[in-house]
Amino acid sequence: MQKTALATLIVAASSLWLTACLDSSSSSSDKTVTPPGETAPATRVLVKPYLQNPTDDAISVIWFTDTQVPGELVVEGVGRFASTPELVEALGYGDSEIAYIHGEKNMGDIHAEVADGQAPALPYRHLVRVEGLSAATRYDYEVRQPGSETAMTAQFTTAPAIGERASVRFLAMSDMETEPESTGKTVAWGASAAAGGGDKLATDTATYDRQYPVDQTTGYRANIQYAMERQPDFWLIAGDLVEKGGRQLDWDEFWRHAAGEWSDFASRTPIFPALGNHENYWHPEGGSYSPPAVMRSYDKWNSYWELPRNYGTDERYEKRYYRVDYGPVTLITLDSSNGDDSDPLKDTNLAIDGVQSRVPDFNRGSEQWNWAASELADAQARGQVIFVQFHHTPFGTGVHSLPSGSAGIASNEDSQSGQPMRIYHELFERYGVTAVLAGHDELLEYVEIDGVHYWDVGFAGDGLRGPGYAPTTDYVPFDQLPAQAQASHWSAHGDAPEIWNGNQLIDGGKHYGFLEVEVRPSDGQDYEVVMTPRYAFPLMDEQGAATGEFAHRQYNKVVRVAVER
Ligand SMILES: [Fe+2]
Ligand SMILES: [Fe+2]
């Protein structure tokens with residue numbers, strides 16, 4: 001009874017304040033966000049400010065609150081910009097999600113602030129695009145949100161001019177698959193058989209049931225801490241950001257890590273995301289990859305990102321594939337979610353109906369393929385250093401690198417195979433793509449074919465897998481790789497054997513991490529590209545228990561490429 005009365009009072013106060021605020025802003029061009037003498041209603045910042053769509057003269061800052069109170073972005077030396085909050089209904093919750101947060105097993109203690117039986121508030125989005133900035137310049141900024149005490153200061157940096165011979169450093173990772181259930185839950189951690197004299201593609205049978213020493217939330221948090229220390233210009237996420245793209249709790253968990261209580265990495269580092277299968281997945285009223293599930297997931301995706309346009313024939317193709325130019329670097333992001341539904345050999349997800357769900361095909365002759373070919377040709381003609389990201393690794397050895405088909409994993413076929421994306425190799429070779437960043441197999445894995453360097457960077461914070469799908473099947477699709485890929489193959493599973501001192505791991509093995517990519521001008525018009533896989537190593541005591549401390553390390557696999565222009 002008391003609670004209801006209080007809620008009514010807050011709503012009444014809030015609408016009074018809003019009226020006052022709107023009146024003042026319409027009567028004055030120099031907007032004051034908080035009218036003198038008024039106090040803004042208590043406002044929670046649901047997602048802290050994060051950066052999007054940087055160019056050489058502009059950048060966007062986005063944040064979310066639980067009230068419609070306008071905030072203000074202050075960019076030092078540039079000016080003050082009021083926000084216009086917009087209610088985003090796509091970011092709502094299903095009944096099962098509301099039940100979860102009030103249940104006994106709310107693993108991540110997410111939304112503990114919400115009163116019994118209530119749903120978390122629908123969010124308001126604040127999006128401010130700042131223009132007229134100088135290229136390659138760092139700015140301090142602050143978001144002031146009336147009604148909130150949350151401190152929100154950070155820096156952003158604009159891109160160098162397109163084609164400028166500047167150094168650029170970025171990070172790539174994927175498959176963090178955030179969900180509140182990741183707290184307290186560890187993943188299987190099978191070791192390579194190489195250390196015991198076995199095959200590097202095999203799994204040591206004694207480690208089939210072994211679990212990683214820290215849970216997924218702890219591992220991903222440690223990974224982000226390391227990533228922040230590297231101060232990259234931008235942050236690629238090659239898909240599977242969240243466990244369920246249609247589940248709001250999983251997106252809330254994503255932002256706790258990226259721009260919330262656990263870090264402000266995205267407040268200082270723009271994210272360029274690619275959709276994974278998980279961003280097409282789940283509906284609270286049922287259906288995993290059903291059209292309503294895919295559409296709901298996309299609506300959430302669309303609400304969070306602001307990305308360059310592709311001008312596709314369907315507005316729902318926007319933000320699924322796009323091009324970014326950042327100084328000497330061109331990044332092409334593709335959507336590998338769904339191919340040709342009539343032919344499993346040309347499809348990466350046999351459950352998605354691309355027409356009903358309005359997901360673009362990627363095959364030869366499709367709108368997306370033609371777009372990619374033309375953008376790659378243009379980037380090459382301008383002498384750019386080209387990178388491509390998409391979710392489904394095309395040349396891997398994990399479960400999703402099994403041949404595409406519906407016979408089941410035990411019969412060595414996968415219904416979400418990355419193999420159909422191999423058709424793009426022809427374009428990547430022709431247009432001089434330096435590296436392809438993908439995930440989905442959740443190994444840290446590398447191959448080189450015809451000068452194109454392929455990475456699976458799916459080791460951000462979920463699975464730490466090895467080849468094949470041990471112990472369900474001992475088939476490893478290594479023999480499906482082209483000869484050059486077999487010759488150049490490297491993986492954390494097989495090529496970084498664990499080194500133990502009794503029960504204590506000293507070094508080696510599979511851990512959570514990211515790939516760092518540095519692009520540096522070298523002689524003449526050339527560039528040097530250095531790619532370094534890095535990982536957060538969980539320190540152990542002599543009994544083998546994680547101490548909670550992490551060492552920041554790199555794998556002994558640094559790939560240096562001379563890019564001639
Ligand atoms: Fe994944
Ligand atoms: Fe995936």
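## Glu445 and its partners

The side chain of Glu445 reaches the side chain of Thr397 through a polar contact of 2.5 Å. A second polar contact, at 2.7 Å, joins the Glu445 side chain to that of His489. Keep in mind that this is a predicted model.

Where does Glu445 sit in the fold? Look for strand β16, which covers residues 444-449. Skipping the neighbours within four places in sequence, Glu445 is in contact with several residues, including Gly396, Gly398, Tyr454, Trp455 and Asp456. Trp490 and Ser491 are also among them.

What about salt bridges for Glu445? Glu445 is buried and has none; the nearest side chain of opposite charge belongs to Lys200, 7.5 Å away.

## The iron ion called ligand 1

Now for the metals. Which residues hold the iron ion (ligand 1)? Its protein donors are Asp175, Glu177, Asp240 and Glu442, and they lie 1.8 to 2.3 Å from the ion. The angles among the 4 donor atoms run from 83 to 175°, and the site is irregular.

Along the sequence, these donors follow the spacing D-x1-E-x62-D-x201-E. Two of them tie distant parts of the chain together: Asp175 is in the loop between β9 (168-173) and α3 (216-229), while Asp240 is in the loop between β10 and α4, 65 residues apart. Asp175 is buried, with a relative accessible area of 0%. Asp240 has 1% relative accessibility, so it counts as buried too.

## The iron ion called ligand 2

The iron ion (ligand 2) has its own set of protein donors: Asp240 through OD, Asn277 through OD1, His391 through NE2 and His440 through ND1. These sit 2.1 to 2.2 Å from the ion. This site is irregular as well, with angles of 88 to 162° among its 4 donor atoms.

Read along the chain, the donor spacing here is D-x36-N-x113-H-x48-H. Again a pair links distant parts of the chain: Asp240 comes from the loop between β10 (234-237) and α4 (248-258), and His391 from strand β14 (residues 385-392), 151 residues apart. Both Asp240 and His391 are buried.

## Where the two irons meet

Which residue coordinates both iron ions? That would be Asp240. The two ions, ligand 1 and ligand 2, are 3.4 Å apart.

Key: Residues numbered from 1 in each chain as written. Chains lettered and ligands numbered in written order. Predicted model: local features only at pLDDT ≥ 70, side-chain atom pairs only at ≥ 80, totals over all residues. Heavy atoms only, no water. Helix = DSSP H or I, 4+ residues; strand = E, 2+ residues; numbered from the N terminus. Buried < 20%, exposed > 50% of the residue type's maximum accessible area, 1.4 Å probe, protein only. Lys, Arg positive; Asp, Glu negative; His and termini not counted. Salt bridge = Lys/Arg side-chain N within 4 Å of Asp/Glu carboxyl O. Polar contact = N/O pair within 3.5 Å; in protein donor to acceptor, adjacent residues only side chain to side chain. Contact = heavy atoms within 4.5 Å. Donors = N, O, S within 2.8 Å, 3.2 Å for Na, K, Ca; no water. Tetrahedral: all angles 85-135°; square planar, octahedral: opposite > 155°, others 65-115°.
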